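Have a look at the sequence and the 3D structure below. Then we'll walk through a few spots together, one at a time.

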Amino acid sequence: MRLASPAPSRRRLSRSERARRAGPIAIHYDGVAPRSELRAVGISRDDVRSEVAAGRWVALGRQTVLVSGERWSRRSAWFHAIWESGAGAALDGIAALHAGGLTGFEHDIIDIAIPTRNRRHRVQRVRLRQYRAMPPLVGGGVPRVRPEIAAIHAAQWASTDRTAALILCLVVGQRIVLPEHLLRAFTEVTRCARRRVLAGVIADICDGVRSVNELDFARLCRRYGLPPPSRQVVRQLPGGRVYLDVSWDDVDLVVEIDGGHHLEALNPMLDALRSNEVVLTNATVLRIPTLGLRLEEARFMHQVVRAHEAARLRHARTA
């Protein structure tokens with residue numbers, strides 16, 4: 001019986017050929033490449049091993065190779081985290097928001113969403129978030145959870161209520177998430193450790209059913225020992241008739257409570273014009289954002305108490 005001859009060993013690629021084939025992959029992923037795509041273009045494990053041994057490439061884990069020789073970027077770190085975490089992985093939380101364009105909020109840890117049933121691997125500076133049913137992902141680009149859902153997740157995982165509120169304000173303010181999409185995503189959350197806080201913050205941001213309105217402010221006045229104010233006072237000013245949120249007419253003190261819509265379009269300019277007209281009538285005007293009352297109630301209310309006392313003393317001296 002004639003024995004089959006052994007299969008011929010595969011010839012390794014030359015250095016220049018490896019670089020040529022890996023180049024487009026590295027460009028697409030900001031300097032890194034998954035081993036699966038290197039194999040797909042004919043770069044074998046032995047080829048990778050040779051490049052790593054020569055110091056031209058760097059093995060970054062089981063699945064990732066740095067092939068460009070340059071310092072990797074935040075984007076390449078995202079791909080590394082996804083590839084090394086396991087099948088079905090995607091960016092979640094702040095990382096997903098960064099990939100969607102969020103600026104002004106730094107976060108060192110990369111949150112990764114991954115199906116519970118899939119095999120998982122621990123990666124340095126990566127935090128795995130396991131889901132029985134994966135949240136919906138963005139189509140195209142870096143695999144990531146949809147921004148409105150990632151924002152809710154990030155707010156739930158934030159270290160403080162203040163940080164949670166900041167995240168939600170940033171994603172809406174930077175037009176990464178539409179207010180109505182954020183509100184809809186929150187209503188679909190079944191478990192939330194910060195539900196009461198987030199519900200109020202989202203209502204303030206979206207200017208929906210405001211939980212800190214003039215009636216709530218009247219209750220705060222009683223709590224801080226202030227006399228009952230008038231609400232929705234109408235005044236005739238040179239610029240026309242205006243409605244003031246809260247007023248103590250006997251001491252000429254006005255408090256304006258600003259919802260989320262006060263930050264949009266021309267509203268800041270119009271608010272400033274109105275406030276200036278009121279101040280020119282010798283009244284004191286304090287502006288308080290509803291979000292501020294939620295996160296810094298005591299500090300804002302102590303300002304109101306001090307303003308009321310100063311206005312009372314001033315009127316007493318002139319009486």
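## Pro34 and its neighbours

Let's start with a single proline. Leaving out residues up to four places away in sequence, Pro34 touches Ile25, Tyr29, Gln63 and Trp83. Keep in mind that this is a predicted model. Trp83 sits 49 residues along the chain from Pro34, yet their C-alpha atoms are separated by 7.1 Å.

Is Pro34 buried or exposed? Pro34 has a relative accessibility of 5%, and buried means under 20%, so Pro34 counts as buried.

Strands of a sheet pair through backbone hydrogen bonds, either parallel or antiparallel. Here we have an open sheet of three strands in the order S1-S3-S2, and the pairing is antiparallel. The edges are S1 (32-34) and S2 (58-59), each of which pairs on one side only.

Zoom in on S1 and S3 (residues 64-66): three bridges join them in the antiparallel sense. One of the residues involved is Pro34, whose bridge partner in S3 is Thr64.

## Helix H3 and its two sides

Now for helix H3, which covers residues 45-53. Its buried residues are Asp47, Val48, Ser50 and Glu51.

What do the buried residues of H3 pack against? They pack against helix H1 (15-28), helix H2 (35-40) and strand S3. Over on the other side of H3, you'll find Arg45, Arg49 and Ala53 exposed.

## Positive phi angles

Most residues other than glycine have a negative phi. Just after H3 comes Gly55, with a positive phi of about 85°.

Asp30 isn't a glycine, but its phi is positive too, near 55°. You'll find Asp30 in the loop between H1 and S1, where it counts as partly exposed at 31% relative accessibility. Asp252 is another non-glycine with a positive phi, of about 55°. Its place is in the loop between strand S8 (240-248) and strand S9 (253-258). Asp252 counts as partly exposed, with a relative accessibility of 22%.

## The largest pocket

How much space lies in the largest pocket? About 670 Å³. The pocket is lined by 20 residues, and the closest to its centre are Tyr131, His153, Val189, Thr190 and Arg191.

Strand S6 (126-131) and helix H6 (147-157) each supply at least two residues of that lining. H6 gives the most, with five residues. Sort the lining by type and you get 11 nonpolar residues, five polar and four charged.

## A buried histidine

Our last stop is His308, which lies in helix H13 (residues 297-318). His308 has a relative accessible area of 8%, so it is buried.

Which residues is His308 in contact with, leaving aside its neighbours within four places in sequence? Those contacts are Leu226, Pro227, Trp248, Val251 and Leu253.

Key: Residues numbered from 1 in each chain as written. Predicted model: local features only at pLDDT ≥ 70, side-chain atom pairs only at ≥ 80, totals over all residues. Heavy atoms only, no water. Pairing = 2+ DSSP bridges. Helix = DSSP H or I, 4+ residues; strand = E, 2+ residues; numbered from the N terminus. Buried < 20%, exposed > 50% of the residue type's maximum accessible area, 1.4 Å probe, protein only. Contact = heavy atoms within 4.5 Å. 1 Å grid on protein atoms, 1.4 Å probe; cavity = no way out; pocket = protein on both sides within 12 Å on 5 of 7 lines; lining within 4 Å. Points joined across faces, edges and corners; volume = space filled by probe spheres on them. Nonpolar A, V, L, I, M, F, W, Y, C, P; charged D, E, K, R; others polar.
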